[in-house]
Amino acid sequence: MNRMKSYLKKGGARVASFAVSFALILQAGVFPAYGKPTWPADTGIQAEAGIVVDEETGAVLFGQNIHLPYAPASITKLLTALVVIENSPSLDDTVVFSHDAVYNVESGSGNALGLEEGDQLSVRDCLYALLLRSSNQAANALAEYVGGTREGFVAMMNEKIRSLGCTESNFANPSGLNDENQYVSAYDMAIIGRAAFANETLMEINSSTTYRLPSTINNPEGRQVNMEHKLLITTDETSPNYYPAAVAGKTGFTSIAGNTLVTCAREGERSLVSVVLKSNQTHYTDTIALLNFGFQNFQNLDATGDEATLFGAEGTLTIGDQTYQREELEVQGSRLVTVPTGATLADVDRELVTGEEMDAWIPEDAVAEIRYTYDERVVGRSYFVSLVPDGDALLEVGAGEDALNQNEGEDGVIGPGSSSDVPAESGKPMSPETKALLVKVGLYALAAALLAAAAALIVFHMRKVKREREEAAQRRRERRRQRLAEIGCSEDEFKRMVNERYGKKDKE
């Protein structure tokens, strides 16, 4: 009996010991979790604001203070170059430097290339001076060439960023020099950077490390222009500024903006865009940290064919008040989604977005956006574009109005002529063959009339759809102008933050 009690006592102690050990194992997390990977944590950067996005998908991989306004300094010149390239008939056209372009700049901003009033350079020459050597004089001359006046060009700059969906920024000059009305958020600057680096001409110029300018007044032998962005030109592997994946970008600095930097880097098939704002000499190390974070912790997955999951069993998809067959829709835009390393498409959520909720950067004829999200973060977008021709297209191929303009017969029947049994030579009875022929002609005329009526209905419907799309697009544009309120920041509050930032620096 005593032996039994001793055994039970020892057994109970073993059970208790096992229970405690099992609980400790659970707390220690020894058992692996098989859920989808969590979004990688960031370590922060030393600059006040920064962001890194996937260039292809636009997915924000990391952001710090990305919706606050900061002075941009010379990273503004990426936008200047993009507007110039998109609005110049030829890069070989001649730009004449005015007195205002050369001398109407902020005191102390310099003239590193020694450009003078009356100098004549091509648009291409000016773009190299702008992007490689950050010439403020080239920025002003290009603005006058494209916009007529500097003010006219600034209006084009702001129109461009609004078309890209930027709502947290405003530009007041083409150079990036200090102005209380010139500010940009890291988020908007990433959008501008993606648009700039997607332009082949701009990318060709901005990825160059040197360029030879032709003769100018102060440099009759011409002079060489060298890239300033250190991550693009440093080849010493022991240097803290060595980053071989960097392929393009723009530096910036003013007393108010501090150091700013935009960089495009490519590694394998992936490409990232980073932005650093309000840095105190940490812009290069911060950029390297952002790019390494993006390359090491994320991957792009191909979502081609995934849109099939949105269609019903009968192969139809209803968008608004219209139902489409699969063959009536084409998918455009990137087919990639950016997710943490180890994740799969099964971990990604997808939804159909229409109307004013669609992203700003969309194909012209898009009827819906396929939005991919991961842990409520947007990681990719593609777009359904209707292949059904609109009314104008139908008219171009001869359907619709032309068919409706046929003459009516005297008896009121739409057709090429009258349906009378009596031919032109009245008084002569028709033969059975003639009557049969006329019946056939009448049937053909009736069929043509029905087809014309159907075409007219299609034209009417498609024009209505087109008009509704245009009205929706207009509402969307208006809404973009009011997005400050939607992100919880009124225009007055936004201006107050800008004024406080500038006012603080002015006191210093």
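In this predicted model, Arg124 and Asp92 form a salt bridge through their side chains, with an N to O distance of 2.6 Å. The pair connects distant parts of the chain, 32 residues apart: Arg124 belongs to helix α4 (residues 123–132), and Asp92 to the loop between α2 and β3 (94–96). Arg124 is partly exposed at a relative accessible area of 30%, whereas Asp92, at 54%, is exposed.

Twelve salt bridges are found in the whole structure. Three of them are tabulated here.

| Salt bridge | N to O distance |
|---|---|
| Arg124 – Asp92 | 2.6 Å |
| Glu86 – Lys160 | 3.1 Å |
| Glu369 – Arg371 | 2.8 Å |

The bridge between Glu86 and Lys160 likewise links distant parts of the chain, with Glu86 in helix α2 (residues 76–87) and Lys160 in helix α6, 74 residues apart. Glu86 is partly exposed, with 42% relative accessibility, while Lys160 is buried at 18%. In the pair of Glu369 and Arg371, both residues are buried.

Glu144, located in helix α5 (residues 136–147), is buried but has no salt bridge. Arg150, its nearest side chain of opposite charge, lies 4.6 Å away. The side chain of Glu144 instead makes a polar contact of 2.8 Å with that of Ser98.

Glu144 also takes part in the packing of α5 against α6, where Asn140, Ala143, Glu144, Val146 and Gly147 meet Arg150, Gly152, Phe153 and Met156. The axes of α5 and α6 (residues 150–164) come within 7 Å and cross at roughly 85 degrees, which means that the two helices are roughly perpendicular.

Definitions and conventions: Residues numbered from 1 in each chain as written. Predicted model: local features only at pLDDT ≥ 70, side-chain atom pairs only at ≥ 80, totals over all residues. Heavy atoms only, no water. Helix = DSSP H or I, 4+ residues; strand = E, 2+ residues; numbered from the N terminus. Buried < 20%, exposed > 50% of the residue type's maximum accessible area, 1.4 Å probe, protein only. Lys, Arg positive; Asp, Glu negative; His and termini not counted. Salt bridge = Lys/Arg side-chain N within 4 Å of Asp/Glu carboxyl O. Polar contact = N/O pair within 3.5 Å; in protein donor to acceptor, adjacent residues only side chain to side chain. Axes fitted to C-alpha atoms, helices over the stretch in contact; angles between N-to-C directions. Parallel < 35°, antiparallel > 145°, perpendicular 65-115°, else oblique. Contact = heavy atoms within 4.5 Å.
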